[in-house]
Amino acid sequence: MANRREFFLKIVPAAGALAALPGVGFAQVAVLAEDEKLAQSLGFRLHTEQVDQTKFPKHTNTQMCAGCALYSATGAESAKCKLFNKIVPKTGWCSGYAKRG
Ligand code: SF4
């Protein structure tokens, strides 16, 4: 639960701040939870270090949302994932990870 709590303490305020920017329209984008069906099917975790290596042997801890081509921002603590169409933390990971070119 500490991880979930940490996520909401850090990510939700950041998302709210971004929503206040003109033209961002962030307020209508939901935050992805690990226990959502699609998130579970793709092994999504809020922290890349928590990925089950037995299920995803090609995963490495250097892979995270911040370096994924589907992460819609660079340098942000959280951003919309184009795969889930929801907000994910930069520390997250799922099996849809595609290294940013
Ligand atoms: Fe993160 Fe990329 Fe998976 Fe989206 S597709 S959750 S940005 S690793």
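Not counting residues up to four places away in sequence, Thr91 touches Leu46, His47, Thr48 and Met64, a contact being heavy atoms within 4.5 Å. This is a predicted model, so to speak of local features takes a pLDDT of at least 70 and side-chain atom pairs count only at pLDDT 80 or more, while totals for chains, interfaces and linings use all residues. Residues are numbered from 1 along each chain as its sequence is written, and side-chain values use heavy atoms, with hydrogens and water left out.

Thr91 sits in the segment after β2; helices (H or I, at least four residues) and strands (E, at least two) are DSSP runs, numbered from the N terminus. With a relative accessible area of 25%, Thr91 is partly exposed, given that buried means under 20%, exposed over 50% and partly exposed in between (1.4 Å probe, protein chains only). Its side chain reaches the backbone oxygen of Leu46 at 2.7 Å. Ala66 is 25 residues away from Thr91 in sequence, but the C-alpha to C-alpha distance is 6.7 Å.

Thr48, one of the residues that Thr91 touches, belongs to the loop between α2 and β1. Thr48 is buried, at a relative accessible area of 0%. The Thr48 side chain makes a polar contact with that of His59 at 2.6 Å (a pair of N or O atoms within 3.5 Å; within protein, one must be able to donate a hydrogen and the other to accept it, and residues adjacent in sequence count only if both atoms are side-chain atoms). A polar atom of the Thr48 side chain also lies 2.6 Å from the backbone oxygen of Gln63. Leaving out residues up to four places away in sequence, Thr48 touches a list of residues including Asn61, Met64, Gly92 and Trp93.

As for confidence, the protein chain averages a pLDDT (the predictor's confidence in each residue, from 0 to 100) of 85, and 73% of the residues score at least 70.
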